[in-house]
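Please keep the sequence and the structure in view while reading.

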Amino acid sequence: DLKDNTIIVVLGASGDLAKKKTFPALFALYRQGFLPRDCKIIGYARTKMDKPDFEKRATSYIKNAEDNKDIANAIESFKTILTYVAGDYEDGAAFDKLRGHLEGIESSYQSKEINRIFYLALPPTVFIPVAKNLKEHCYNPKAGVNRIIIEKPFGKDLDSARDLLNTVKQYWSEDETFRIDHYLGKEMVKNLLVLRFANIAMGAAWDKNSISNVQITFKEPFGTEGRGGYFDEFGMIRDVLQNHLLQVLSVLTMERPVSFAAEDIRDEKVKVLRSIPPIERNDTLLGQYVSANGKPGYLDDETVPPNSTCPTFAATTLWIHNPRWEGVPFILKAGKALNESKVEVRIQFKDVTQGIFKDIARNELVIRIQPNEAVYLKLNSKTPGLYTRAIPTEMDLTYKRRFLEAKIPEAYEALILDALRGDHSNFVRHDELDVAWKIFTPILHWIDGVNGPRPRPVSYPYGSRGPKELEAFIEKYGYKRNSDA
Ligand code: BG6
């Protein structure tokens, strides 16, 4: 745990991720007293800016700054720990300048045990030169610790991911590396461990004997809007399924870890992922949105190549070959430009044995990750009155109602704090990434047309629930609609 003498360097400090996520998270930690004592933050990017410009940018996404005096005051004091250095990503001399700046700040600390944390909020193109330059010019062997925090995309398929990992490894050890998948920092994803292993009733029903099928769903109500050029290189599977949804799946399905220790948790995640074979083509449905309701289609985005077959919607079904899960379909589905914003896990249980109750609704456990965090269980109960009839109803744990005062932390807040504490539990280990790519690489190569023509995604209107083929796709895996899923 880093208590003092720590400098955090945010590289890519003028970019979107830093502005929208990294700095607001750092501010929230600062305000709650979670940053190490005397912590300083350095922004680094190519853009030339003076300190006030940088301060303005770094604090522009902090919420409620206008109408809350405490927040406004905290922002003013947060600014005093910020400094900025402009420099190139490929140029060693620029990193010497950054080192000079670091040493200047460090000379004011009493201790020589100084920690340097480097947060790379950067595009993949400069990832390797920055990892290398940081190690060669800004690593302090006499420091307390040196750590590097990195963000996806980690490659585009198994081979490119291995290249990337191995190159970064030449400079930064696994222990020093914190690979972010921000879904692992989300409150409800962290709750999965508690729901599963702190409840005997849940644990007892958590397998193929009770569960019919599982859906993990990601829906966004907006399209790529100007970001299409970037998105087109990756597509929906790389953007969300291969990382965020697969991470949720692994926590949902792993065996109980021996302890809360990071390696115990990650060992179990890797083990369950290794039991999943590569996805089959006929377990996959791909879609692309078209213009509707006055909203542009994907191909209308000027940054997208004409005739692109890139999927903006994907549903894939995964199978886990182990004694707990054999035969249970896990449907991962994600789409842009849909009718709502929602991320949830929906576990549908099997039918009760027929006999006294026929055609009765199935139990479903829904874990709503966002928005409006909730866990609810659909179960049948007797209709009140002088006759016996079952009616589907709900046991409902909606966070807003149950935890009135609770503030749910942003994923990035939780993860940056973990990285400062040196806790790797919620970061992606190298072998976890490797096995994730093994599962998805064949289907991605098919979509990319590596060995033949590219498959054409079916179309769906902007703002709809997804391709019309989706309903039949889900039913194929045994999902019975008795709800508003
Ligand atoms: C990112 C994807 O990793 O996750 C984006 O690149 C997506 O396309 C985002 O919008 C979703 O994150 P969240 O936290 O808003 O669910």
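This is a predicted model: local features need pLDDT of at least 70, side-chain atom pairs count only at pLDDT 80 or more; totals for chains, interfaces and linings use all residues.

Residues are numbered from 1 along each chain as its sequence is written, and side-chain values use heavy atoms, with hydrogens and water left out.

**The ligand and its surroundings**

- A polar side-chain atom of lysine 152 is 3.0 Å from an oxygen atom of the ligand.
- For histidine 182, the distance from a polar side-chain atom to a ligand oxygen atom is 2.7 Å, and for tyrosine 183 the corresponding distance is 2.4 Å.
- On its own, the ligand has 400 Å² of accessible area (Shrake-Rupley method, 1.4 Å probe; for residues, only the protein chains shown count as cover), and the protein covers 78% of it.

**The annotated domain**

- An unreviewed UniProt entry carries the annotation "domain: Glucose-6-phosphate dehydrogenase C-terminal" for residues 193–480; positions follow the numbering used here, feature names are shortened, and annotations may be inferred rather than shown by experiment.
- Over residues 193–480, the chain is 31% helix and 23% strand, where helices (H or I, at least four residues) and strands (E, at least two) are DSSP runs numbered from the N terminus.
- The end C-alpha atoms of this stretch are 27 Å apart.

**The nine-stranded sheet**

- An open sheet of mixed pairing is formed by nine strands in the order S14-S13-S12-S11-S7-S10-S9-S8-S15; two strands pair if DSSP finds at least two bridges between them.
- Strand S14 (390–398) and strand S15 (458–461) are the edge strands, each pairing on one side only.
- Strand S7 (residues 211–219) runs antiparallel to strand S11 (residues 342–349), with eight bridges between them, and phenylalanine 218 stands opposite valine 343 in S11.
- Strand S12 (residues 364–370) and strand S13 (residues 374–382) are antiparallel and joined by five bridges; leucine 365 has leucine 377 in S13 as its bridge partner.
- S13 and S14 are also antiparallel and are joined by nine bridges, and alanine 374 stands opposite threonine 398 in S14.

- Most residues other than glycine have a negative phi, and most peptide bonds are trans.
- The peptide bond from lysine 152 to proline 153 is cis, with omega near 5°, and proline 153 is in the loop between strand S5 (146–151) and helix H6 (158–171).
- Glutamine 370 and proline 371 are likewise joined by a cis peptide bond, with omega about -15°; proline 371 lies in the loop between S12 and S13.
- In the hairpin of S12 and S13, with three residues between the strands, asparagine 372 takes a positive phi near 55°.
- Aspartate 38, although not a glycine, has a positive phi of about 60° and is found in the loop between helix H1 (16–31) and strand S2 (40–45).

Key:
A polar contact is a pair of N or O atoms within 3.5 Å; within protein, one must be able to donate a hydrogen and the other to accept it, and residues adjacent in sequence count only if both atoms are side-chain atoms.
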